[in-house]
Amino acid sequence: MGTDRKTRTRNYFWFAFYFALLLLFGKQAFAQIRYSVPEEVKEGTVVGNVAKDLGLDITSLTDRRFRVVSGTKDAFFEVNQDNGALYVHKNIDREELCQGSGACLMELKILVENPLEMHYVAVEITDVNDHAPRFPEKEQTFEIGEQTLPGRRFQLHAARDPDAGINSIRTYTLTSNDHFEIDIRQSDEDKMPFLVLKKSLDREQRSKHMLFVTAIDGGKPPRSATLNVSIIVLDSNDNRPIFSQEIYQIEIQENIPVGTSVFQINATDPDEGTNGEIEYSLGKTLKKKVYDSFELDKLTGEIRVKGAVDYEENDVYKLDVEASDKGTPPLTGECRVIIKIKDVNDNPPEIEITSLSDTVSEDSKPGTVISLISVIDQDSGVNGKIISSIISDVPFELKPSYKENIYSVVTKGVLDREEVSHYEVKIKATDSGEPPLSTFKTLNIQISDVNDNSPQFSQNPLQFYLSENNIAGKSIFSVSATDKDLNDNAAISYHIVREGSQSDILSFLNINPDNGHITALKSFDFETLKTFQFHVVASDSGTPSLSSNVTVNVFILDQNDNAPVILYPLSSNGSAEGVEEIPRNVNAGHLVTKVRAYDADIGYNGWLLFSLQEVTDHSLFALDRYTGQIRTLRSFTETDEAEHKLLVLVKDNGNVSLSATATVIVKVVEPKEAFAASDVKSSAKADEDDNVTFYLMITLGSVSVLFLISIIVLIAMQCSKSTDYTSKYLQETNYDGTLCHSIQYRSGDKRYMLVGPRMSIGSTIVPGSHANTLVLPDRRRTSEEVRL
């Protein structure tokens, strides 16, 4: 009885669960389909075509993962994804599944995905007559006194037939005799046979009777079992034990300790002596669970707990108790003790995951369903009332349905895989018992990536410094961007934007699309190009692709690749050689001539120094190392020679110094000759001076144009920047005599200068620097740290 009740309760629960899903999901849950199939059919027997009856497309069953979702460990039915047929997967024993005579229904959940749909199929297991009736014992003996009056009833062993309905026991028959007949009484769901004395016995005529009781079921053909009944005729014991009432009802809690006394019955017998001594026993036709759970003291009538008592297995026990005296023959009285089990909170809730999507896209909208769960508690009443919640701090929540204890796990916020790529959703279910019991279930949810992050450069703009005369075809620098996405969404490719005013320069640049390495196809010359700008775009491989760009500013650094050029003296054949005539009566400090030179480099590389390599008389002439001026150190004497040769070396200050030489012939003449020669020389050299002046003007004009272009380009670059970085190239005008370069610029609040051969007083040269750095005093600040 307990097992039948539990089975029915479980069937009612599943039926309610399916009905709730039907109302909750609307399009996802459809009307229930019902089939029937006999028990014990062969495995593979087709019950019906579920896909056809549900109106599903048979060709899409495999892709939609058409399957049976079993609520138990044993799957008795499966579906064929090729044709949609529902077939028997495992041998079915109706008596094992559904004890009792009621309808045996199995509730199946049919699940298809894309979109998610759940259908419900009820399969009725019909009974076949596969069991014959069976008596608990093959023989039964009665001792009946001869004084026993007709009409006395003796309870026979009741046969058991696991089959149900018409296949269960229908009747009992008794072999033909003169003294006994059989009477059948309906007790609950069972038929109880009784042997009725219809004619008094006479021990003197016959002391023993042998009868055969046959139990017959209603199957076709019918099956039967036979009980051998032995009747021993004794002298009468005319009083039987009597209980105070026929039915006793008591209530105990489940899980009561073994050995606990729960009730004591008492019967009375007015007879004396052994005919009045009573012994108690349990009826022989009770269920096995009763014998396993309770025991009866045959002398005291005390009922004690023998085994575990579980409300969830059986909530009521019915004990048939017999009291027999010791007379000859003994007389028996019967009563029934009904023990009701009271539920205690001894079962924690159970969480069942009906459906789970363990991977969720990070762009899923709030309210997206990721799992369906149901919560059950085998306890009843308050002990079975469940409160469910998500206890972990995650962007998910439980959304209840109108049916109690059925939930959907849905997203409640925006997901971002780049912040959190994996969630452990911890679900807690707690009943309302005292003390409350809880169950935990953890869902592992992976967040899948979408292309929602564009590549990013570490800084913008980028500044690169490149020495001139680089090797063509070799990588000069590289750019790199990062993408927070994964896989193809984070695979970055690079390309150069070849548009704008400097597109001709950009045609000589190539970029590796995979690693961002930039290669120059030509060698750059500082004297031709000092700076340029371009843009690099980084694009990912997502769909759609996202990109970002960076501005790259390239500054060409000067190298000492130009030797000084002598501008004066310059002879008619192009050699650096000249003749100067001076009067003999000049005083010390007289300017003899000035050697002029030019270096196309800037800074240290273009800073020229002059020195005398050869001179006939060191006491007569001195050379200014910065200006190239040759002056007399003293007045001439009569003993001094009339002609002196000076070899002047002009060199720059590069790491590897480059140089040129000029030869100056100084002729000492008498004052009158000097003036005459001066007039002739002036007219002779007028054309030559004009040519030198013309070349000098061309050179100065070219340099000025280059500087002007540089200033315009740099101003345009700085105006396009968001920072306060400014750069101005200015031509230093404070020089005397020798051509030189001096470039100043600012970056923020710092001032820098690339120096030439003449520097202002107080300037300090930082030697050994490739960047040609000069630290200048700043009138606005007491000190300044300068770098390039």
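1. Phe524, Phe532 and Phe534 form a cluster linked by ring pairs. The structure contains 13 aromatic pairs, a pair being two rings of Phe, Tyr or Trp (its six-membered ring) with centres within 6.5 Å.

2. The model is predicted: local features require pLDDT of at least 70, side-chain atom pairs count only at pLDDT 80 or more, and totals for chains, interfaces and linings use all residues. Residues are numbered from 1 along each chain as its sequence is written, and side-chain values use heavy atoms, with hydrogens and water left out.

3. Two charges sit over rings, a term requiring NZ of Lys or CZ of Arg within 6 Å of the ring centre and within 35 degrees of the ring normal. The charged end of Arg153 is 4.6 Å from the ring centre of Phe194. Lys426 is placed over the face of Phe440, 5.0 Å from the ring centre.

4. Asn114 and Pro115 are joined by a cis peptide bond, with omega about 5 degrees; Pro115 belongs to the loop between β6 (105-112) and β7 (117-126). Strands here are DSSP runs (E, at least two residues), numbered from the N terminus. A cis bond also leads from Glu434 to Pro435, with omega near 0 degrees, and Pro435 is in the loop between β30 (422-431) and β31 (438-448).

5. Asn405, in the loop between β28 (396-400) and β29 (406-411), has a positive phi near 70 degrees.

6. Asn487 is exposed (over 50%), with 67% relative accessibility.

How values were computed: Phe/Tyr/Trp six-rings, centres within 6.5 Å; stacked < 30°, edge-to-face > 60°. Helix = DSSP H or I, 4+ residues; strand = E, 2+ residues; numbered from the N terminus. Buried < 20%, exposed > 50% of the residue type's maximum accessible area, 1.4 Å probe, protein only.
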